[in-house]
Amino acid sequence: MSEMRDRRRLVVGLLILWLAVFAGAFVAYALTPASDIGFTAGMNRVVTFFVVQSAAAALAVVLVQASRGLRPGALRAMAHVPVVILLLALLVIVIGIVGIWVLA
């Protein structure tokens with residue numbers, strides 16, 4: 001029973017950490033000053049956003065692995081939400097790239 005409680009605490013802690021990193025990507029984007037001039041102006045903001053989102057994606061995968069030991073329920077389902085958000089974000093990026101490619 002103690003192992004299950006520890007697993008639940010781990011999953012809750014990882015969920016909170018993932019949420020902080022995920023939200024931190026938007027904060028980092030907003031607070032990073034745009035540098036350079038011309039076409040590449042502001043690219044450092046985008047790169048910072050994607051680097052922090054990559055950390056959030058890695059946490060999402062770890063979270064799903066950590067939740068495998070839990071019984072089916074609300075917490076286990078919540079542990080899969082970050083991966084669903086990750087997959088939706090990747091889908092939007094792919095659709096955007098294909099859309100730009102087709103329109104060009």
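## Terms and basis

Contact, or touching, means heavy atoms within 4.5 Å. The model is predicted: local features need pLDDT of at least 70, side-chain atom pairs count only at pLDDT 80 or more, and totals for chains, interfaces and linings use all residues. Residues are numbered from 1 along each chain as its sequence is written, and side-chain values use heavy atoms, with hydrogens and water left out.

Helices here are DSSP runs (H or I, at least four residues), numbered from the N terminus. Buried means under 20% relative accessible area, exposed means over 50%, and partly exposed lies in between (1.4 Å probe, protein chains only).

## Helix α1

Helix α1 covers residues 2-31. The helix has 30 residues and reaches 42 Å from its first C-alpha to its last. That is close to the 44 Å expected at 1.5 Å a residue. The expected span is 1.5 Å times one less than the number of residues.

The buried residues of α1 are Val11, Leu14, Leu15, Trp18, Val21, Ala25 and Ala28. Their cover includes α2 and α3. Leu17 also lies in α1. Leu17 counts as partly exposed because its relative accessible area is 41%. Its C-alpha is separated by 14 Å from that of His80, 63 residues apart along the chain.

## Helix α2

Helix α2 runs over residues 43-67. Its 25 residues should span 36 Å at 1.5 Å a residue, and its end C-alpha atoms are 36 Å apart, so the two values agree. Its buried residues include Phe49, Ala56, Ala57, Leu59, Ala60 and Leu63. Val64 and Ala66 are buried too. What covers the buried residues of α2 includes α1 and α3.

Gln53 lies in this helix. Gln53 counts as buried because its relative accessibility is 16%. Leaving out residues up to four places away in sequence, Gln53 touches Phe22, Ala25 and Phe26.

With a relative accessible area of 0%, Ser67 is buried. Beyond residues up to four places away in sequence, Ser67 touches Val11, Arg76, Ala79 and His80.

## The nonpolar core

A nonpolar core is a set of buried Ala, Val, Leu, Ile, Met, Phe, Trp, Tyr and Cys residues joined through side-chain atoms within 4.5 Å. The largest one has 13 residues. Those with the most contacts inside it are Val11, Leu14, Leu15, Trp18, Leu59, Leu63 and Leu75. Helices α1, α2 and α3 are the elements that give two or more residues to this core.

Leu75 is in contact with Arg8, Val11, Val12, Leu15 and Leu70, leaving aside neighbours within four places in sequence.

## Helix α3 and the surface patch

Helix α3 covers residues 74-103. Ala77 has its place there. At 47% relative accessibility, Ala77 is partly exposed. Ala77 and Gln53 are 24 residues apart in sequence and 21 Å apart in space, C-alpha to C-alpha.

Phe50, Leu87, Leu90, Ile93 and Ile97 form a nonpolar patch on the surface. Together they have about 470 Å² of accessible area, by the Shrake-Rupley method with a 1.4 Å probe. Patch residues have over 30% relative accessible area and no salt bridge, and nonpolar side chains (Val, Leu, Ile, Met, Phe, Trp, Tyr) are joined within 5 Å. A salt bridge is a side-chain nitrogen of Lys or Arg within 4 Å of a carboxyl oxygen of Asp or Glu.

Helix α3 gives the most to the patch, with four residues. Ile93 lies in α3. Ile93 is partly exposed, at a relative accessible area of 36%.

How values were computed
Patches are made of residues with over 30% relative accessible area and no salt bridge: like charges are joined within 9 Å, nonpolar side chains (Val, Leu, Ile, Met, Phe, Trp, Tyr) within 5 Å.
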